Amino acid sequence: MNRFLSLLLLVGSYSFLVPSASAFQKDAELAYMISFKEPAAHFAEVQLKLVSLDSARTTLVLPVWTPGYYKILDNPAHIIDFKVSTISGEPLQWHKIAKNKWLLENGQNAEVFVDYRVYANRKSVAESNISEEKAFMANTDIFMFPEGNLDKSVSLQVHLPKQWDKIATGLTEVDQGKFYAPDFDVLYDSPLYLGNQKIIEFQELEKKITLSIATPEGLDQKKFVADLRKILRSTTKLMQHIPFNDYTFIMMEPGGGGLEHWNSQAVFTYGSFNFENDLAYKRFLNFLTHEYFHLYNVKAIRPIELGPFDYSQENYTTMLWVAEGFTVYYEYLIMRNAGLLTANEVLEFLSSHIKAIENKSGKDHMSLERSSFDVWNYFLNNDAISAETTISYYQKGPVMALLLDIAIRNDSDNEKSLDDVMRYLYEEFYRKQGRGYTENEFWDSVTKMAGKPQEELRKYVESTGSPDYEKYLKLAALSLDRSSADDEKTELVEKQYDLIKIVPENDLQLKIRKSLLQEN
Ligand SMILES: [Zn+2]
């Protein structure tokens, strides 16, 4: 059982040293235990042991959202049979004081047990799902934290039902089935997948990489691992640093969506590796690359509002167009650098985003900044009004990344690019200052690399309407073929906006296009 997770004797990505398993057990300030008596009924039993309580009352809080998934969820509705007792089993009083807060009347008891059950039968990358075959634990909807004590270390003992024998997670295993998180942010950022999934382990860039694959049918393991290695290597080439010691790809059953974490990602899949065609496989690799690149862009390089998190309410930022949009842009560039996409395929993917913006009326009602701030209103909410009046930062974000990349290259004589902005943000704010960037600091970083401010592009982010595509594309010997868009006969169908190569007017334009598309 759990033989695929070994004790790591390395300095962790969260700056803690792992001396020995026993030290962990002693050091963890809170102890959680989870078991699954009725997985087919979608229940888990949770027990929390609180120690060293120095107040007569203690408030426990259950998060109502998961970082990266910008939606308030009804997590507390799925907690039942909540009870509090002394170590010797005497019941203690408790009250609800908010929808996600439980106040314990622990009195003079410095140690208490809290027991409850969780019903987990929802299906998203931010919500736990338990069934006879497996459990996906999102953690935010399972484990409560003592209010004001997110920094407490936690141990988690997992008791698997007999029929399961594997655990995949980014958490450090300190004993058989026992995991450790230095604080609650790490616990909430480290989902677990329990079941009988296929596990593949390999070393790349001197790091341990684990693949947990729920539906491996049709898998060509050699090719898939080789392709992932290329993606990991080209991402490292871009960012020139790796912030983790081990990384786990949690690939689940068929479904939609994926979620980034510090040293793991949890993604739904197509349900098998028998892809319809080569393009479908490339889209799947793009998707894995996206979630992987997020460990740099949104985990390390983050808008200042995204961390420390307030797990009880919305956390607003205007910068998701960078956190998400740039991550889409870099999917393509990393895949291109890995030799897994052609230059023309990069142009086709980028064209698809221009097409998505220009074919919708939302562009005239919502700016990119607004789409970021207001994501809490419309994420997965496609009612009639939002369909007509919103845009997605997943669409306009990568397009702005392209235009910014071209502008920086043009203004710096192709000496600098958006890559330099990403590396600067990573070094300056994540590694040196250990914090997120502000909106102005982001734009200042762009100015620093380009040598001059990009006021016009900033305006396109802050306002509605379409950017002046041609003005910027021309600087990279590119253009937008809108022949079908301008054809009146195509009025009822989606209009095409295809990025095409044009004859450069000078050497710089050609140089920019070649370096951007990584062509010799
Ligand atoms: Zn994303």
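**Sheets and helix packing in the predicted model**

Strand S14 is joined to strand S17 (residues 192-195) by four bridges, and the two strands run antiparallel. Within this pair, Lys 166 has Gly 195 of S17 as its bridge partner. The structure described here is a predicted model. S14 and S17 belong to an open sheet of five strands, ordered S9-S10-S11-S17-S14 and paired in the antiparallel sense. Strand S9 (121-124) and strand S14 (166-169) form the edges of this sheet, each pairing on one side only. On average, neighbouring strands are turned by 25° against each other, direction ignored.

Strand S13 (residues 154-159) pairs with S16 over four bridges in the antiparallel sense, and Gln 157 stands opposite Lys 178 of S16. Strand S15 (residues 172-175) also pairs with S16 in the antiparallel sense, over three bridges, with Thr 172 opposite Tyr 180. S15 and S16 form a hairpin in which two residues lie between the strands. In the turn of this hairpin, Gly 177 has a positive phi of about 70°. The side chains of S16 are divided between two directions: Lys 178 and Tyr 180 point one way, whereas Phe 179 and Ala 181 point the other way. All four of these residues are buried.

A second open sheet of five strands has the order S18-S19-S20-S22-S21, and its pairing is mixed. Strand S18 (198-204) and S21 stand at its edges with a single partner strand each, so one side of each is left without a neighbour in the sheet. Neighbouring strands here are turned against each other by 15° on average, direction ignored. Within the sheet, strand S19 (residues 207-213) and S20 pair in the parallel sense over six bridges. The bridge partner of Ile 213 in S20 is Met 251.

Helix H4 lies across S20, S21 and S22 of this sheet and runs at about 155° to S22. The 16 residues of H4 (residues 278-293) should span 22 Å at 1.5 Å a residue, and the end C-alpha atoms are 22 Å apart, which agrees. The buried residues of H4 are Leu 285, Leu 288, Thr 289, His 290, Glu 291, Tyr 292 and Phe 293. The elements that cover these buried residues include helix H3 (221-239) and helix H5 (320-337), together with strand S20 (246-254), strand S21 (258-260) and strand S22 (264-269).

Helix H10 (residues 393-411) packs with helix H13 (residues 455-462) at an angle of about 175°, and the two axes are 11 Å apart. H10 and H13 are therefore roughly antiparallel to each other. On the H10 side of the contact, Met 400, Leu 403, Leu 404 and Ala 407 meet Leu 457, Tyr 460 and Val 461 of H13. By class, this contact comprises seven nonpolar residues, with no polar and no charged residues. The spacing of such contact positions can be set against helix geometry: an α-helix has 3.6 residues a turn, so residues three or four places apart point the same way. H10 itself has 19 residues and reaches 25 Å from its first C-alpha to its last, close to the 27 Å expected at 1.5 Å a residue. H10 is mostly covered, with 16 of its 19 residues buried. Just after H10, Asp 413 takes a positive phi of about 55°.

Note on methods: Residues numbered from 1 in each chain as written. Predicted model: local features only at pLDDT ≥ 70, side-chain atom pairs only at ≥ 80, totals over all residues. Pairing = 2+ DSSP bridges. Axes fitted to C-alpha atoms, helices over the stretch in contact; angles between N-to-C directions. Parallel < 35°, antiparallel > 145°, perpendicular 65-115°, else oblique. Contact = placed C-beta atoms within 7 Å. Nonpolar A, V, L, I, M, F, W, Y, C, P; charged D, E, K, R; others polar. Buried ≥ 20, exposed ≤ 12 C-beta atoms within 10 Å, placed from the backbone. Expected span 1.5 Å × (residues − 1).
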